[in-house]
Amino acid sequence: MSIRTVAFTTELPFSADMVYAWHTRPGAMERLVPYWEELKVLDREGVFGNGSVTFEVGVGPLRSRWKARYRDPIPGRQFTDVQEEGPFAHWVHTHAFEPVGADRCRVVDRIEYELPFGPAGELASSAVEHRIARAFAFRHTTLHDDLVSMQQHRHTGPRNIVMSGATGLIGRTLIPMLTAMGFRVKRLVRGEPSWPEDIPWDPGRGRLDPTMLEGVEAVIHLSGESIAGGRWTAERKREIMESRRKGTTLLAETLGRLTRPPRVMISASAIGIYGDRGDEWLVETSPLRTGPEAFFVEQVGHAWEAATEPAERAGIRVVRTRFGLVLTPAGGALHAMLPAFQAGVGGRMGTGEQWMSWVSIDDVLGALHHVLLTETMRGPVNVTAPNPVRNSDFAHILGSVLHRPS
């Protein structure tokens with residue numbers, strides 16, 4: 001089979017040096033991986049332009065290793081990665097940044113590839129190129145949007161961040177975005193640290209070394225026991241409640257006692273704090289139910305948000321982001337729904353009349369970046385799309401997108 005070449009070009013209103021620099025930062029590669037692709041970085045060697053990266057890629061249980069080595073870096077203009085081990089018989093990807101005036105450039109991704117299995121592999125070339133084209137449409141859109149956000153906030157806000165829940169649905173997507181934008185992110189981790197700058201903590205035992213937080217400018221708190229999956233037994237409900245109350249209280253009290261407290265603490269919450277209110281339109285100032293009529297998820301929301309008060313009393317700007325149903329094929333509710341809908345057996349839940357206040361993972365990241373750098377924002381902030389849908393409508397739309405019945 002002969003070597004095939006595909007190229008994807010986008011013109012951006014940014015200098016070639018700025019776009020090249022974005023690609024050199026930690027997190028850039030992970031940021032450019034589409035959410036629907038299953039990829040996990042296993043190892044890195046050397047430095048950008050003179051090193052390699054090894055990751056695991058695949059679909060479902062079918063996994064393979066892919067090792068790519070960087071070569072031929074020309075600062076501000078191009079670099080190349082070459083597959084040394086992986087699913088292709090041949091793969092060379094040249095990233096070029098061509099100046100078009102002082103503050104514009106043309107991004108050109110040129111790929112030379114050859115599929116395995118000789119002539120038999122030729123049969124899959126059309127499907128492979130469709131998948132590559134879809135991935136690069138995502139990459140170029142993501143690159144453009146991140147650079148726009150960087151330009152809008154280039155002279156504002158904190159740069160050194162500590163994050164809890166870094167391996168969760170939002171955290172593992174947020175860190176690559178922030179680090180590619182030039183932020184420095186340290187993770188709060190339970191157990192043995194795996195990154196050099198990880199900060200160990202144990203919310204259950206109240207353990208967190210305050211000296212490791214001195215000088216941090218912002219904290220993004222995302223950790224908490226998932227409410228999804230399994231029956232809500234009394235023990236399960238206790239674990240959910242305590243994971244939010246203990247972790248948030250420990251963090252807020254520790255931050256409040258620091259000699260140099262951070263400028264902002266963003267603490268995750270959820271729109272479950274409003275409870276089931278039927279067709280009522282809800283905003284951040286809508287009254288909350290606090291009596292015995294409040295459901296469990298409402299009680300969790302109250303306890304979760306109240307636990308941030310020590311930080312607020314210490315003068316830290318506290319933002320409580322109330323997330324709706326976060327949609328991404330990389331995890332969460334949508335990831336759980338996809339197998340049934342792709343098999344053509346997905347559909348509404350119950351009557352289908354219940355409202356779903358949803359939000360895409362991209363808008364969650366954009367919202368967190370916005371509240372991080374906007375000094376006037378504090379208190380509760382609803383993070384949802386402006387057009388909630390009923391569950392039956394959601395099921396119909398998802399089926400239509402996947403070209404399946406629902």
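User: What is meant by a nonpolar core?

Analyst: A nonpolar core is a set of buried Ala, Val, Leu, Ile, Met, Phe, Trp, Tyr and Cys residues joined through side-chain atoms within 4.5 Å. The structure above is a predicted model. Its largest nonpolar core has 65 residues. Those with the most contacts inside this core are Val19, Met163, Leu174, Leu178, Phe323 and Leu372.

User: With which residues is valine 19 in contact, leaving aside its neighbours within four places in sequence?

Analyst: Once those neighbours are set aside, valine 19 is in contact with Leu12, Phe14, Phe97, Cys105, Val107, Leu143 and Leu147.

User: How is a pair of aromatic rings described?

Analyst: Such a pair is described by the distance of the centres and the angle of the planes. A search of the whole structure finds 16 aromatic pairs. One of them joins tyrosine 35 and phenylalanine 138, with 5.2 Å centre to centre and 80° between the planes. Planes over 60 degrees apart count as edge-to-face, and this pair is edge-to-face.

User: Which parts of the chain does the pair of tyrosine 35 and phenylalanine 138 tie together?

Analyst: Tyrosine 35 lies in the loop between α2 (28-31) and β2 (38-47), whereas phenylalanine 138 lies in helix α4 (residues 125-152), so the pair ties together parts that are 103 residues apart in sequence. Tyrosine 35 is buried, at a relative accessible area of 12%. Phenylalanine 138 also counts as buried, at 11% relative accessibility.

User: What are the values for tyrosine 70 and phenylalanine 79?

Analyst: Tyrosine 70 and phenylalanine 79 are 6.0 Å apart centre to centre, with 70° between the planes, and form an edge-to-face pair. Tyrosine 70 is buried, with a relative accessible area of 16%; phenylalanine 79 is buried at 3% relative accessibility. Tyr70 and Phe79 belong to one aromatic cluster together with Tyr20, Phe48 and Phe97.

User: Which arginine residues lie over the face of a ring?

Analyst: Arginine 159 lies over the face of phenylalanine 183, at 3.9 Å from the ring centre. Arginine 244 lies over the face of tryptophan 304, at 4.5 Å from the ring centre.

User: In what order do the eight strands of the open sheet stand?

Analyst: The order is β11-β10-β9-β8-β12-β13-β14-β18, and the pairing is mixed. Because β11 (207-208) and β18 (379-383) stand at the edges, each with a single partner strand, one side of each is left without a neighbour in the sheet. Helix α7 (residues 296-306) packs on the sheet and touches β13 and β14 (317-323). The direction of helix α7 makes about 175° with that of β13.

User: How many bridges join β12 to β13?

Analyst: Four bridges join strand β12 (residues 218-221) to strand β13 (residues 264-270), and the two strands run parallel. Histidine 221 has serine 267 as its bridge partner in β13, and valine 219 has methionine 265. Strand β8 (residues 160-164) also pairs with β12 in the parallel sense, over four bridges. Here valine 162 stands opposite valine 219 in β12.

User: Which way do the side chains of a regular strand point?

Analyst: In a regular strand, side chains alternate between the two faces of the sheet. From β12, Ala218 and Ile220 point one way, while Val219 and His221 point the other way. All four of these residues are buried.

User: Where does proline 310 lie?

Analyst: Proline 310 lies in helix α8 (residues 309-313) and counts as buried, at 15% relative accessibility. The C-alpha atoms of proline 310 and leucine 251 are separated by 9.1 Å, although these residues are 59 residues apart along the chain. Beyond its neighbours within four places in sequence, proline 310 is in contact with Ala252, Glu253 and Gly256.

User: Why does phenylalanine 117 count as exposed?

Analyst: Exposed means over 50% relative accessible area. Phenylalanine 117 counts as exposed because its relative accessibility is 72%. This phenylalanine 117 lies in the loop between β7 (105-114) and α3 (119-122). Phenylalanine 117 and arginine 139 are 22 residues apart in sequence and 29 Å apart in space, C-alpha to C-alpha.

Technical notes. Residues are numbered from 1 along each chain as its sequence is written. Side-chain values use heavy atoms; hydrogens and water are left out. Rings of Phe, Tyr and Trp (its six-membered ring) pair if their centres lie within 6.5 Å; planes under 30 degrees apart count as stacked, over 60 as edge-to-face and the rest as tilted. Buried means under 20% relative accessible area, exposed over 50%, partly exposed in between (1.4 Å probe, protein chains only). A charge sits over a ring if NZ of Lys or CZ of Arg is within 6 Å of the ring centre and within 35 degrees of the ring normal. Two strands pair if DSSP finds at least two bridges between them. Contact means heavy atoms within 4.5 Å. Axes are lines fitted to C-alpha atoms, for helices over the stretch in contact, and angles run from 0 to 180 degrees between N-to-C directions.
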